[in-house]
Amino acid sequence: TMKAINPDYLTTMGIDSTNVYVGDALIERNSTPLALIGSGVAAKLDLNVYDQQRLLQLFMPKAKKIVLNPARAFTKKYIRPSGIYSIQKEFDDKYVLLPYSYGEKLTLKHNKATHIEVNMHLGANESQIKSRLQTLFGYDFSVKTRQEQHDFIHKILNSEKLAVYLILSFVLLIAAFNLVGTLTMLAIEKKKDMAVLSSMGLSKLAMVRVFSYHGLLMSGIGAAIGLFLGTMLCMLQMQFGFISIPGATFVANAYPVAFNGTDHLLVLLTVVVIGFLASWLPAKAIGGKIDLGELQSR
């Protein structure tokens with residue numbers, strides 16, 4: 001896909017020498033148009049930037065013209081590649097960046113644009129800006145945020161996030177059986193203590209509460225330690241990027257991490273609910289088997 005752009009587009013999008021691993025980050029040199037090629041496109045074309053004899057050939061179908069000779073059905077132009085960039089796979093495999101003036105000559109269309117890309121300052125209100133742009137351009141134009149432009153990718157990521165959450169919840173549910181076993185063994189070991197407490201007037205319901213509180217305390221401490229360690233790991237990853245993506249060609253080679261209060265709350269709620277069930281249900285079952293008369297006789 002040809003992307004005819006203004007020279008300041010490279011600066012705005014942060015495309016510089018750090019993203020261009022072969023050649024230069026230029027689309028013009030001394031008023032001569034140049035092409036900046038994505039790494040995926042360059043690989044498919046077997047492109048060699050340093051081969052001065054091989055220029056990039058671009059073909060554009062002539063609009064609304066019927067010709068018998070296929071060779072005349074296209075506008076053909078040559079351009080010299082300046083460099084090969086690598087930003088993100090979806091971008092690298094798709095786009096060839098050219099000067100806007102060169103795109104006008106190739107398409108034979110002047111002062112036309114298919115896209116207007118707007119970058120926001122950090123902290124800007126995305127939905128408010130989208131609404132204002134929609135009002136400015138009218139509803140004949142499609143105004144989309146970056147997430148809406150890549151809606152399919154975000155749906156996949158959200159599906160993966162849900163799958164990971166369900167898997168970890170299942171693991172937590174299995175781990176809860178350890179808590180059930182621990183409470184059961186504790187009840188067996190504490191029969192003498194329960195007999196003493198029973199003789200002092202402790203009711204069966206109070207004994208059930210003792211075991212359930214013990215289980216809740218264990219799960220609560222585990223949740224607090226887990227959230228603390230998880231938060232610390234996220235902060236270290238955000239600051240130092242210990243976990244990298246092998247072979248990645250992204251702007252950020254470290255695995256991206258972001259804090260989300262809703263996710264923290266959901267994890268805490270999941271642990272509390274499973275911990276409560278794993279504590280109360282076995283404690284209630286143990287309470288049903290407690291015979292106060294038998295304990296007091298002992």
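Two strands pair if DSSP finds at least two bridges between them. I take helices (H or I, at least four residues) and strands (E, at least two) as DSSP runs, numbered from the N terminus.

I am working on a predicted model, where local features need pLDDT of at least 70, side-chain atom pairs count only at pLDDT 80 or more, and totals for chains, interfaces and linings use all residues. Residues are numbered from 1 along each chain as its sequence is written, and side-chain values use heavy atoms, with hydrogens and water left out.

**Strand β4.** I started with strand β3 (residues 28-29), which runs antiparallel to β4 and is joined to β4 by 2 bridges. E28 has P33 of β4 as its bridge partner. The two strands make a hairpin with 2 residues between them, and N30 in that turn has a positive phi of about 55°.

Next I looked up the other partners of β4. Strand β6 (residues 74-85) runs parallel to β4, with 5 bridges between them. A35 is bridged to P81 in β6. Strand β7 (residues 96-99) pairs with β4 in the antiparallel sense, over 2 bridges. There, L36 stands opposite L97.

How many residues of β4 are buried? I find 5 of the 7 in β4 (residues 32-38), so I note the strand as mostly covered. Buried means under 20% relative accessible area, exposed means over 50%, and partly exposed lies in between (1.4 Å probe, protein chains only).

**Y85.** I then went to Y85, which is found in strand β6. Y85 counts as buried because its relative accessible area is 0%. I listed its contacts (heavy atoms within 4.5 Å). Leaving aside neighbours within four places in sequence, Y85 touches residues including Y21, L36, I37, F91, Y95 and L97. I also checked D24: Y85 and D24 are 61 residues apart in sequence, yet 8.9 Å apart in space, C-alpha to C-alpha.

**Aromatic rings.** I searched the whole structure and got 6 aromatic pairs. In one of them, Y85 and F91 are tilted, at 5.8 Å centre to centre and 55° between the planes. Rings of Phe, Tyr and Trp (its six-membered ring) pair if their centres lie within 6.5 Å; planes under 30 degrees apart count as stacked, over 60 as edge-to-face and the rest as tilted. Both Y85 and F91 are buried. With Y95, they form one aromatic cluster.

What lies over the face of Y95? I find K3 there, at 4.7 Å from the ring centre. The test asks for NZ of Lys or CZ of Arg within 6 Å of the ring centre and within 35 degrees of the ring normal.

**T145.** I located T145 in the loop between α5 (126-137) and α6 (146-149). T145 counts as buried because its relative accessibility is 12%. T145 touches E126 and K130, not counting residues up to four places away in sequence.

Helix α7 (residues 151-189) has 39 residues and reaches 57 Å from first C-alpha to last, close to the 57 Å expected. The expected span is 1.5 Å times one less than the number of residues. Its buried residues are S169, A176, L179, L183, L186 and A187.

In helix α8 (residues 191-199), I find M194, A195 and S198 buried. They lie on the same side of α8, because they cover an arc of only 105° around the axis. The arc is that of the directions from the helix axis to the C-beta atoms. Just after α8, G201 takes a positive phi of about 105°.
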